Amino acid sequence: MWKFVAKRILALIPVLLCVTFLLFVVLSLAPGDPARLILGLEATEEHVEQKREEMGLNDPIGVQYARYINNLLKGDMGTSYKNGVEVSKEISERFPFTLRLALSGICVALIIALPLGIMAAVKQNSFFDSFSMVLALLGISLPTFWLGLLGILLFSVALQWLPSGGVGGIKSAILPVLAMSMSCLAGIARTTRSSMLEVIRSDYIRTARAKGLGYTTVIVRHALRNALIPTLTVVGLQVCTMISATVLVESIFSWPGIGRLLVTSINDRDMPLVLGCIIVFTVCFSIINLTIDLLYGVVDPRIKAQYKK
Amino acid sequence: MDKNNASNSQVKKQGQFLQIWRRFKRRPSAMIGLYLIILFILIAIFAGVLFDYDAIAIKQDIANRLQPPSWEHPFGTDDYGRDILARVVHGTRISIGIGFAAVALGLTIGTLLGSSVGYYGGLYDMIVMRIVEVFQAIPCMLMAMIVVAVAGANPVTLAIALGLAIIPTFTRVARGAVITMREMEYIESARAIGSSDFRIIFAHILPNCFAPLLVQSTLSMAVSILSVSGLSYLGMGISPPVPEWGSMLSASRIYLQDYSYMSIFPGVAIMLTILALNLLGDGIRDAADPKLK
Amino acid sequence: MTMDKSGASLLIENLSVDYKTYDGTANALNGFDLSIEAGKAHGLIGETGAGKTTAALAIMGLIACPPGRISSGSIIFDNVNLLDKSEKEMERIRGKQISMIFQDPMTSLNPVMSMEEQIAEVISLHEGFSKIQSLNKAHEMLEIVGIPASRGHEYPHQFSGGMKQRVVIAMALACNPQLLIADEPTTALDVTIQAQVLEKIKQVRQMYGMSLLMITHDLGVVAETCDEVSIIYAGRVVEHGTVEDIFDHNLHPYTQGLFDSLPNLKDRRAKLRPIKGLMPDPSNLPVGCSFCLRCNYATELCYKVKPERKYRNEGHYVECHLYEEPHILESKVRNHG
């Protein structure tokens, strides 16, 4: 089992290298001369050229990339074009905020969505089912940023219960976390419901009932675990979507995380910062996918057997 | 006998479409989704007829700024005095337009790639799918942001960026459907009478993969429209004065306290469009595979 | 070696079950009758869609209502009407007094639970044993059906179809049921495995002495395992008798059609004689005899009036207009005499 984990982690490395190389190349195609961006418009041509040599911008792209990776492994992600701050410092300062937001969002989403989906499937076509599925449908149709705006409108402006932005205590975290979790909650609830429905219809559930097991026992002991398997895939995808929603949520609520940093750095055309942020995101996605794959092994013994080989 | 099989698949196709349509019609939510989408498409097409673009949606009228909803201006006016209803209507054109373009791109390339990969399999399959998996993990919006960072933000780059971002999903759907179909017997028959691979894929397999691809199209269009408005909200998409729903919401942020109506209507427009697309997608999915409800 | 518990009797009278669907009401069972004496094996033969599985599910109380509905009749098991029982009472009966094995072993077992767990579950549910005791009993059951107990911790996907079905049988018999319902237990299996599974069923019947309801479309299986036979068509029993009655003296045109459809092993060049047509749509049954549209001997009367039951001897009856008591041997239908 651990061999499998190690193999998967190792397999991540070429993938990450490819992706980062592509990103590096793509971003280097951005218009604008970094040297000039740093020195300003008034600098002379020679000064700019000198700066370019200094920064190694005239080297072939492969060399530049190799240099970048080399530095990256030492923990150096370059310096911001805009204000000369070290990228790694910026990122490491802001990452914990995003992490807090993301983890809370996932927890809230799972705690609400999973039971909701299961109950809706068990009580199919009841009022509870129809009602919660209508809510879920609205949930996936609401743009996250609008939900955030409406949240601010209701709770900050109208009711004055919660602050409209910034960090500082539980109160300021409620709206952002809710907005985050909403972005994936509805999708998870719907998928849980449909995979539960499919499982409930299967032959082995009929066998379980023919054994004399009560309905609740059948659902909990037999149906749930089987329904979780396809749900896991969707949970993984939804979590990735939620993480990319940080760019919106953090901007709306002035939350000092990586998402907001990415937005500002793109607007400033600050490439090292952009690259740094996206690499962080990509690593997060890879870790999420790996976790989901491992969870498959936990839930489904067939897959566990495959992994063991 | 084999020719019979091959032409039987044509008959099967037509009967299938009719069956799916009939089941679709039975569900009121699906029909609502369909009507709403048609309504939005019509609004998008006739936006210019309803409200003149330059005179009403763009032209500033400072005297009339920040008027709450009234008979004259059902959605009110914005901070430049422009009629919000007119701007929302024109925004439909942009959102639906970019959405369609992105889906057209993603659908075409994704289906071509996915069906060839699914049909031929082997090393080709493995390599392409590994690459696709890598890109699949990057959500639409981030993909689009990267492209915007490099190529700037305008409807064309956005459509291309989103189209590229949704190719992996379509590839997977097409591949999955083709893999299921290629084992069917009428494909064996078609091959036995000497049909070329091309003909088999296009005349026999793809028409039967219609439903999952259509469902995915509605979902991907929803994601594209959400991404465009999200990006515009952040200032990385369509920029003012073009009336895009997301950028309108962004502009309304500072007026949230006193002129909250500005934040409502563009958001409702987005929500209704996405809702309609989801209802449509759900309806097609249920109609094509009725045992799952 | 017989266990102290022996089989119980089952008496189904005039059972009617229908299902509400989008396209109308499907009458799955129409006045269905069945009688199994304690300890006997009864075969229920019919085509797909005749109502066999519906009958089995009705006995188990597993018909989903809605969209199903039991509109009339009674199911008397061991002198108690099962239709009067509450869900909780039925749960106590299922798996303990009446067990069922289903058709497709590939999908009848929970893929994420080990075999021994699935057997132990029914034991600890009904007998109240501790976990260890239940597992031990489960291992015993595995040995009885010919699977080494050491393989008990493995999962369904690691077993072949025949072995899976044997585990299903083990699960069904774990609590010494008085009635075993086998719904096409060998249809999904290879012929050689079929023989093994049927042999097992016969063995455990001898061991436990339980009653058996064998549902199948395969005449050979019935000949192997059953004492009495009922032929079901469109939700009703159209002919009933002992195995000898049905195999040597069959009367109903449908029954004869079933036997005629068997390939003639002696004359390899003889043409196959299938029964023309298809089973009628359960939501649109004919007014008269349900078989009239496919019958080679149908008369005017057959299309208009439902046939009554005619007895050839005490156990053997048929529902057909072509026969008149007591001249039942003189009929227009070809007989085997």
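## Contacts of C:Met214

Two residues are in contact if their C-beta atoms, placed from the backbone, lie within 7 Å. In this predicted model, C:Met214 is in contact with C:Ala41, C:His42, C:Gly43 and C:Leu44, and also with C:Ala182, C:Val221, C:Val222, C:Thr225 and C:Cys226, leaving aside its neighbours within four places in sequence.

## Nonpolar core

The largest nonpolar core holds 242 residues. C:Met214 is among the members that touch the most others, together with C:Ile119 and C:Ala170 of chain C and B:Ala144, B:Met145 and B:Val148 of chain B. Helix α8 (residues 169–200) of chain A supplies the largest share of this core, 15 residues.

## Packing of α6(A) and α13(B)

Helix α6 (residues 127–141) of chain A packs against helix α13 (residues 261–288) of chain B at an angle of about 120°, and their axes are 8 Å apart. The two helices are therefore oblique to each other. Their crossing is right-handed.

On the side of α6(A), the contact is made by A:Leu137, A:Ile140 and A:Ser141; α13(B) contributes B:Met271, B:Ile274, B:Leu275 and B:Asn278. These residues divide into 5 nonpolar and 2 polar, with no charged residue.

## Interface of chains A and C

Between chains A and C, 18 residues of chain A are in contact with 23 residues of chain C. On the chain A side, the elements giving two or more residues are α9 (203–210), α10 (215–244) and α14 (301–308). α9(A) gives the most, with 7 residues. By type, the chain A side comprises 7 charged, 6 polar and 5 nonpolar residues.

Terms used:
Residues are numbered from 1 along each chain as its sequence is written. Chains are lettered from A and ligands numbered from 1 in the order in which they are written. This is a predicted model: local features need pLDDT of at least 70, side-chain atom pairs count only at pLDDT 80 or more; totals for chains, interfaces and linings use all residues. Helices (H or I, at least four residues) and strands (E, at least two) are DSSP runs, numbered from the N terminus. Ala, Val, Leu, Ile, Met, Phe, Trp, Tyr, Cys and Pro count as nonpolar, Asp, Glu, Lys and Arg as charged, and the others, Gly among them, as polar. A nonpolar core is a set of buried Ala, Val, Leu, Ile, Met, Phe, Trp, Tyr and Cys residues joined through C-beta atoms within 7 Å. A residue is buried if 20 or more other C-beta atoms lie within 10 Å of its own, exposed if 12 or fewer, and partly exposed in between; C-beta atoms are placed from the backbone. Axes are lines fitted to C-alpha atoms, for helices over the stretch in contact, and angles run from 0 to 180 degrees between N-to-C directions. Angles under 35 degrees count as roughly parallel, over 145 as roughly antiparallel, 65 to 115 as roughly perpendicular and the rest as oblique. A crossing is left-handed if the near helix is turned anticlockwise from the far one by less than a right angle, and right-handed if clockwise.
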